[in-house]
Structures are given as structure tokens and as C-alpha cells.
Amino acid sequence: MALRATTIAFDVMGGDHGPAEVVRGAALLSLEAPHIHALLVGDGQVIEEALATTRHNAERISVHHAPTFVAMHEKPASALADKPEASVLVAARLVADGEADALVSCGNTGAGVLASARTFRLLAGVRRAALASVYPTRTGHGENQDPFSLILDVGANVDAIADDLVTFAVMGSAYARIISKNPNPTVALLSNGTEATKGPPRVVEANQKLANHPGVRFVGNVEGVDIPKGTADVVVTDGFVGNVCLKMLEGVSETVVELARYAYASRLRWRMGLWMLANGLSQLKDLTDWQQYGGAPVLGFDKLFIKAHGRSRARAIANAGKVAAKAVSSDLAQAIQAGLG
Amino acid sequence: MSLPDRIDPPPARHIYRWDLDKTYLQTDFDSLRQLVRTALQKASQKTAVPGAAALIRELGAAGDSRLCIISGSPTQLRKVLEEKLKLDGVEWDELVLKDNVSNLLRGRFRALRGQVGYKLPVLLESRARAPVEAEEVLFGDDAEADAFIYSLYADLIAGRVEEPVLAQVLKAAEVYPEDAARILAAWHTVPRADPVRRIFIMLDRLTPPAYFGRYGPRVVPIFNYFQAALVLLGDGLLTPTQVVRVAADMVQTAGYNLITLSNSFQDLLRRGLPLQAVAAPLVQALEGALQGPDKLLAALRPVPDIVKAFTRRVAALGATPPLPPATRVDYLQLLDDARPRGKLRSRAARGVRSSK
């Protein structure tokens, strides 16, 4: 099947590794994906300097100059108010105007979400957009048996009512169906017990609604312990709890690495053990490398915003572009809309 | 009054020198298998780089130019290469191929891959036969040493290179003594002039454009021949209608579209090429051409879409940077470029050109 030509707007500024890394990611994309065009938004001179020294295909890249940007430490609302020509806002406007099909940014998350909220339209039936994230699991999911599940919301909103959780379930289900090639993904609500009556009132109410929802393969509630197990393909929660869970998963992962380093440095026997396991550990790292999966989509708008990790390197940026293009060419927004009825 | 015995063609005002493999032809010989496959290809199986034939035809349309092709392909391929050029409607004045069988039989193994000792004498000897006032535009690629050789050639005939420097370059490039002697002899017979206006380097291996900054603004790395046509329009060597024809050919034969063409235009602007002035005449040419009988041009998308796409690309840049200043090329610092380059997969091998 011929892939649909798509244009992805990249907010070049604001990532931890600077604009050149994002440019390198877009350059990589221009070499690997003939159907994707990259629209690089940011300081024109900085972008050109990086492009000129990077292997790329200029036929698939264009530049839109934006004089300012929102830094990681800035407060999103005030920064966007002070900088109407900030790269993320300009990029979002270009997407809204049809110059590009989706937005990718590894800059300030709040600014990206807010820029999307100000320029994109919420889909009919969606009260609040959600930030979704993939996380590594024990079991494989979808056609490719990817060891990742999806959790949402992980921070676009702090609060959510029962209807929001139902909407998140529909949106996550559509995303898993399209991006993870999982034709019938399982969806669960995160709670403090698997029984339908467990949890705060909004979770209990959402459970009842999802149990009768025709477009979602709802498998009930799951507990925190089920997240890394991969019990469900999609885990639904509010932004506050989701963000805490995600950060905890990242923290555990980093601690395990630290412990391995400590063990390596402490005893010869442990070092030899790790050395013998090195190949397997390396494969496991590759398998669960978040950089393979590009970034976290903000779901619920008529246009897609992929929030790439602030620490994204070129490979992760390129993959975020590919995920965005895949979602666009598969009409993710339409699929979500259809699921919402 | 009696008629003259014969009517000589007018002397050439422009000379266009082209390399073949990876410049005019999409060729892959990075591996032995690809080399064998290329050697066995029929003319009809060979594919030109999109827009190359159209550009050559347009450059020759005025009838006051010469097309001189110099290729590293072996002489045994002459028949098939000539057939291919004829199939593409390309008329040439010189077609020089490399006699590698002779090099092999004479034990000149360095000459099999060497470019400087082969191309430089051919270029200089051809120049010696050319009208002194004829200006030149050269086309090469980034797979071999074309940027180095063409620049050296241009600076040699302009008198910007001293003989000791040339001697050092020839030594570093491991040029055989008889080839070095040919180069010196030809160089001394060429009248001093500064005729080389542009050197286009097709980025077959997608070498970053900044790599060629060392050769000054005369060398323009290009991602496609629409870019070359735009620069030549700016230089006054093509008309806007001719540029539109090259673009239309690329759209029809290679799947180029509004995005890829407007991106290509913006890429040149970002690199400082002063092309803002060509936009208005191009628009006029488009509007005029679409009312004419030319079917190729009629196949283009509606003019307002095209104008909008190009205008947006220009506006999106804000201020465009200035062209880097011309600098004297230090060939002794660039000697590595005189040697055959390492292996990097070509665009054709990566499938980059095949689908837009």
C-alpha cells in the first residue's frame, strides 16, 4: 500500500540537546521516509547551520522561522502570552492552518499542550484532551508483540470526571489499534482493586459506563502492580495519578540501572555475572528503549501533537515523526471520533 | 555574389560539461554485483537522473552551446551510452570515455580509479580547442572528486593556481608522469580566461552541502536539477519558461510535486543564493505557459497553488542569509578530495529517488 504523503511540523527549539539534535532527527527522517516531509520551525539561521552540516534530503525539508521559543523552565501560560511567535505556537498554528498534518515537539510539555489547546479543535464529544505514554511491560502487545502498553492521561489535566475517563478509553483504544497494530486492544481502569466497586466515585462510574461501551474491549479495573505486567493494552487514569505512575516507572528503571552499576563496581563475581548477561541485557534495553517509540501523543484534538521526550536524540525525534505520520495517514482523529459515536 | 562553399556553425558561446555516472545517469556501482549489472544494462534499462535530460535539452535550445561529456565509464560502453543519450533526445559534441583496458594492459592500476589524471587533461585539451570567449557550466557529483577537479580546472585556466601547487596536487593524487605531462602541456596552450561560471555538484550521496563551502560560492551542491535550473535562471542562462519545462518533466517522469519543488527552491534561498528575483518571472512564465499549447506545462497543478507554495516558502524564512564571499581555494588543504571517496550508499541504492 502506498503511504500517504504527510508533513510533520517539528518544534526545533527547547529540547534538552538543543535545536541541532532535532534537526538531525528530521534529517534522518528525510533519508528514511520518502512520504514524510519535515517542516522545521525555529530560529532559521540555527536550523540552516545544522542542516548544512548534516546528511539530509532537502526535497523533504522546509524551514519556517520563529524568532523565540519557550524554555523548559518557563511557565507555559505566561511564556506563550509573552511570546506569541514562540516556535511551538507557530508550529501549532501551521498545523491548524493545514501547512502541516501533525506537530512534534521535545520542548516544554505544558507549552506544547497549551499551544495545541489554543490552536487545535477538540473532537466532538471530547471535553478534555489526554497525554498518553507508552511504558515497558512483561508481556507483548499487538501484531508485533511490542513489550509496551499505553497509559493515559499522564498529565495533560490534573482532574478528570467519569465521562473523561470513558473518552480516554476510547481514544487510547483507537491509538493502540492504529499505532500498535492491535486490532482489539484490551482497556482497563487503574484503581486500588480489581472489583468494579473499588476506587473513587468517578472510577466506579466510569467502570459502569465502560462495561456497556460497545467500542471498547473493557477488561475491568487493574491495580498498580498490573501496569508493568502488561495486564491490559491500554490503562486509563486521570492526569494526576497517571503522571505519578509514569514518573515512578521511570524512577524504578533508573534505580535498577544504578544498582547494576553499583554491582559492577563492587565485586568481581558480580561484574563477571553482569558481563555474562551483557548481551541479554543489551537486547532487553533495545526492546524496551522508549526512543524506539518516539513520544507521547496528545489525544482528543482534530490534529495530533506528539510530545517527544525532552532528552530525545535524533533517532527518537525521527521515530516521533514516523509515529505522527502513521497516525495521520491512518486517520487517527477520525477513528477516535467514530469510537465516540 | 557567390555563396560560400560551406556554412560553419557559429562559435559556441556556452560550454556545458557533464559527467555521466551519478550526474546524468542513476548508476550504482558501489559493489561488484552492481558494477556487473551496470555494465550489462541495455540503453533502455539505464535511467537518467530526473530532469537531467530536460535541462540539457533546454540549455542547448538556443543553438549556441556545446555539450561535452566526460565520463569514467569504460570505452566498451560507448555504444550503449550513445544509444541512451539518443533515446533521451540529448545531442552531444564530445563524449570522452575512459580506456581502462589500456590502463590494465599497461599496468597503470592507479589510473583505473584515479580521476585527476584522467579528467584534468581531457578538460584542458577540450578547453584549448574552445573559443576563448565561451563561458562554461560544469556538472558533476559527490561520489568522486568532481568538485575538486572542476574547481582546479577553472582556477588553472583563470591563472589562479601556480605551477608548483599543481605539481604538488598531481603528486598527491598519484597521477602518472605521462598524464602529468599532458596536463602541463594542455594547460600551457589554454589562453588565460575566467570562463567557468558555475560548478553544480549533484548530491547523489547526500553529502552535507556545507562540505563544498571550501570551494567557494561558484560550486553549488544540488539535490535535483530543478535547483540547477533555478540557479541558471538567476545567471541568465535559462528563461523562466525553460525552468518550468524542466520542473514539469520532473513532475511527470519522476513524481516530483509541489512540496518537493518548493522545498528545493527554499533550500537554495537558505544557502544564500540570491534567487528572490527569479520568483516573479517564474510566475509570469507559468501563467503564460498554461495558456499555450504546451501539453507538458498544461499537466501542472493550478498556477495559484504553485505561486502560493513558493511564496510561502520564501516568506517562511524571514530574512535570507547572504551568499558566502568568494575565497581563494586552497587545493593543498583539499588534497584528500582528489582521491576517490569512501563508500557511502548512493541515493538510488537507498531508494531515495525512487519515490517522492
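**Entry 1: ground rules**

I number residues from 1 along each chain as its sequence is written, and I letter chains from A and number ligands from 1 in the order in which they are written. As this is a predicted model, local features need pLDDT of at least 70 and side-chain atom pairs count only at pLDDT 80 or more, while totals for chains, interfaces and linings use all residues.

**Entry 2: confidence**

I noted the model scores, ipTM 0.87 and pTM 0.88.

**Entry 3: chain B overall**

I found 16 helices and six strands in chain B. Helices (H or I, at least four residues) and strands (E, at least two) are DSSP runs, numbered from the N terminus. Chain B has 356 residues, and 46% of them count as buried. Buried means that 20 or more other C-beta atoms lie within 10 Å of the residue's own; exposed means 12 or fewer, partly exposed is in between, and C-beta atoms are placed from the backbone.

I then turned to contacts (C-beta atoms, placed from the backbone, within 7 Å). Among those in chain B between residues at least 6 apart in sequence, 80% join residues at least 24 apart.

**Entry 4: where the chains meet**

How many residues does the contact take from chain B and from chain A? I get 21 from chain B and 20 from chain A. On the chain B side, helix H12 (258–270) and helix H15 (303–316) each supply at least two residues. H12(B) gives the most to that side, with seven residues.

By class, the side of chain B that touches chain A has 10 nonpolar, seven polar and four charged residues. My classes: Ala, Val, Leu, Ile, Met, Phe, Trp, Tyr, Cys and Pro are nonpolar, Asp, Glu, Lys and Arg are charged, and the others, Gly among them, are polar.

**Entry 5: domains of chain A**

The domain assignment gives chain A domain 1 (1–126 + 300–335) and domain 2 (132–262); such bounds come from an automatic or database assignment. Their C-alpha centres lie 26 Å apart. The contact between them takes 10 residues from domain 1 of chain A and eight residues from domain 2 of chain A.

On the domain 1 side, the elements giving two or more residues are helix H11 (314–329) and helix H12 (332–340) of chain A. H11(A) gives the most there, with three residues. That side has six nonpolar, three polar and one charged residues.

**Entry 6: helix H4 of chain A**

Is H4(A) mostly covered or mostly open? I find it mostly covered: nine of the 10 residues in 87–96 are buried. Among the buried ones are Ser87(A), Arg93(A) and Val95(A). The buried residues pack against several elements of chain A, including strand E1 (6–11), helix H3 (76–82) and helix H5 (109–119). After H4(A) comes Gly98(A), with a positive phi near 90°.

**Entry 7: strand E5 of chain A**

Strand E5 (130–141) pairs antiparallel with strand E10 (295–299) of chain A over two bridges; strands pair if DSSP finds at least two bridges between them. Ala130(A) stands opposite Leu299(A) in E10(A). E5(A) also pairs antiparallel with strand E6 (146–152) of chain A, over six bridges. His141(A) has Asp146(A) as its bridge partner in E6(A). The hairpin of E5(A) and E6(A) has four residues between the strands, and Gly142(A) takes a positive phi near 75° there.

How values were computed:
Contact = placed C-beta atoms within 7 Å.
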